[in-house]
Amino acid sequence: MTSTERAVETAQQTEHVDVLIVGAGISGIGAAHHLRERFPGRSFVVLDALEDRGGTWWTHRYPGARSDSDLFTFGYRFKPWRGPSIATSEEILSYLDEVIDEDDLGDVIRYRHRVTAAAWSTEDRRWTVQVTREDTGEQLRFTTDFLWMCQGYYDHSGPHRPQWEGMDRFGGVVVHPQQWPDDLDHAGKRVVVIGSGATAATLVPAMAQTAGHVTMLQRSPTFFFARPRTHELAETLRALDVPDEWTHEILRRAYIAESDEITRMSFESPDELRAFLIESMRPLLPEGFDIDKHFNPRYRPWQQRLAVVPDGDLFTALREGTASVVTDTIETFTETGIRLASGEELEADVVVTATGFDLSLFGGVAFTVDGEPVDFPERVTWRGVMISGVPNMAYVFGYFRNSWTLRADLVSEFVCRLLAHLEEQGATTVVPTLRPEDADMPLRPWADPENFNAGYVMRSMHLMFKQGDREPWTHLLEYAQERTTLPAADLDDKSLLYS
Ligand SMILES: Cc1cc2nc3c(=O)[nH]c(=O)nc-3n(C[C@H](O)[C@H](O)[C@H](O)COP(=O)(O)OP(=O)(O)OC[C@H]3O[C@@H](n4cnc5c(N)ncnc54)[C@H](O)[C@@H]3O)c2cc1C
């Protein structure tokens with residue numbers, strides 16, 4: 001049999017599952033846990049295009065790759081975190097491995113399965129999902145009653161890679177953190193990291209340990225916040241032999257309270273918060289360091305991500321002189337480095353473009369409902385969990401200012417409640433639908449730039465669905481609000497139509 005015949009034969013075999021989860025990152029594995037716990041009898045699969053679990057934590061393997069959030073809240077509600085607050089990629093992957101083991105999820109996760117299209121048929125009351133095997137190119141087909149999109153928010157296959165003049169004549173190596181070459185040896189080399197976000201803040205001190213010198217080159221500053229890698233309270237509770245479950249819950253509450261307070265200040269007293277952040281950095285930086293130029297952003301604190309610096313490691317590298325910061329604009333790459341608008345030249349052997357991601361809407365899956373492509377920019381989100389006019393589909397999009405997983409857990413609990421509600425009603429289909437009183441509702445962009453305006457969000461707004469001016473047509477951004485509103489969301493307020 002030829003490979004084409006095999007592909008055709010495989011495409012004709014259709015596998016049916018009750019629920020199909022797209023993505024085996026922190027959201028998809030969490031979704032699978034909740035589903036198995038709540039509905040042990042239901043069949044489901046988790047499909048992921050990558051060759052292993054972890055999503056973000058599998059893709060990002062640059063030196064020092066670590067969380068920005070504390071793992072008590074970035075970890076799941078249901079599984080105690082036993083390590084230091086800030087964790088490496090490997091520690092996060094091991095934690096996910098434990099969940100996969102404990103919940104016996106190994107058999108339901110299929111790697112190298114890229115979902116390319118999802119077609120809803122009202123007549124059949126199910127989705128038909130097209131899948132391409134990344135390793136063999138085979139085309140597979142699944143049908144499912146409910147589609148649970150846990151695909152993350154950016155394109156895993158390629159990073160956001162701005163082009164600068166002269167890049168082709170640069171004689172050194174250019175790498176992107178999302179595609180880190182296994183064999184890159186930067187020991188003793190002159191490294192320039194372009195960017196100032198969390199990734200740059202991680203890479204600079206990690207590479208500075210062995211590099212000749214690392215320069216962080218930024219166009220504009222980011223807010224940094226030095227935090228201890230471990231929390232004193234966790235150490236105390238562990239020393240007292242307090243059960244891990246209690247420590248996990250207590251630390252979650254401590255971190256959530258702290259994050260709520262910082263978020264509250266960012267809206268109510270941004271100048272005070274700005275001063276606090278700047279002053280907390282000052283003693284950690286070298287004498288005479290120009291904080292205003294390099295670390296005092298133009299935007300309001302938390303209007304873009306606040307980057308954590310564990311144990312102040314970035315500042316230590318700056319103090320020790322193994323790293324430095326330059327705030328300037330790139331004019332051109334040269335044969336030996338980068339020339340800046342100021343005329344200054346940075347000599348480099350390795351340039352790292354820590355320039356972020358391109359947002360990917362629903363993992364690039366082509367959605368149709370009864371043969372019509374779903375025009376997402378014309379649709380409205382239902383509580384940041386479902387989309388108007390799209391039946392039996394939920395998605396996970398985490399928080400910007402709180403740990404992503406706090407929302408992933410809340411959404412998982414919500415989806416399980418919705419699935420149970422469908423069953424109780426004897427219904428098989430749920431469609432978020434604008435009520436007559438919502439018909440003329442003013443629509444707003446999915447993200448409000450006043451609230452959060454990171455580059456990857458702003459660059460992709462035209463692709464995204466909208467939100468309305470009232471619940472349930474809003475996507476709330478704060479855990480402080482959603483921890484009560486989502487569990488209490490009324491499933492019978494006529495915005496969800498069942499049949
Ligand atoms: C370097 C880095 C550090 C971060 N640190 C933090 C942090 O400290 N705290 C925080 O809250 N957030 C952080 N984030 C945001 C982070 O992405 C999320 O917190 C979280 O890991 C996302 O998990 P996820 O499972 O939703 O998505 P992802 O981790 O993106 O995983 C999605 C998975 O879906 C798969 N997928 C996508 N489309 C398809 C498709 N069509 N077919 C099949 N599979 C598909 C992908 O292959 C991937 O494995 C960080 C992001 C990055 C890039």
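Which residues of α8 are buried? In this predicted model, local features need pLDDT of at least 70 and side-chain atom pairs count only at pLDDT 80 or more, while totals for chains, interfaces and linings use all residues. Residues are numbered from 1 along each chain as its sequence is written, and side-chain values use heavy atoms, without hydrogens or water.

The buried residues of α8 are T247, H248, L251, R252, Y255, I256, S259, I262, T263, M265 and S266. Buried means under 20% relative accessible area (1.4 Å probe, protein chains only). Helices are DSSP runs of H or I with at least four residues, and strands are runs of E with at least two, numbered from the N terminus. The buried residues of α8 pack against several elements, including α7 (232–239), α9 (270–281) and α12 (404–425).

S27 lies in helix α2 (residues 26–38). S27 is buried, with a relative accessible area of 7%. Leaving out residues up to four places away in sequence, S27 touches C150, V396, W404 and A408 (contact: heavy atoms within 4.5 Å).

The ligand is surrounded by 33 residues, and the closest are S27, D48, D68, S69 and H156 (a heavy atom within 4 Å). An N or O atom in the side chain of S27 is 2.5 Å from an oxygen atom of the ligand. A backbone N or O atom of D68 lies 2.5 Å from a ligand oxygen atom. Taken alone, the ligand exposes 970 Å², and the protein buries 96% of that (Shrake-Rupley method, 1.4 Å probe). β4 gives the most to the shell around the ligand, with three residues.

Terms used:
Buried means under 20% relative accessible area, exposed over 50%, partly exposed in between (1.4 Å probe, protein chains only). A polar contact is a pair of N or O atoms within 3.5 Å; within protein, one must be able to donate a hydrogen and the other to accept it, and residues adjacent in sequence count only if both atoms are side-chain atoms.
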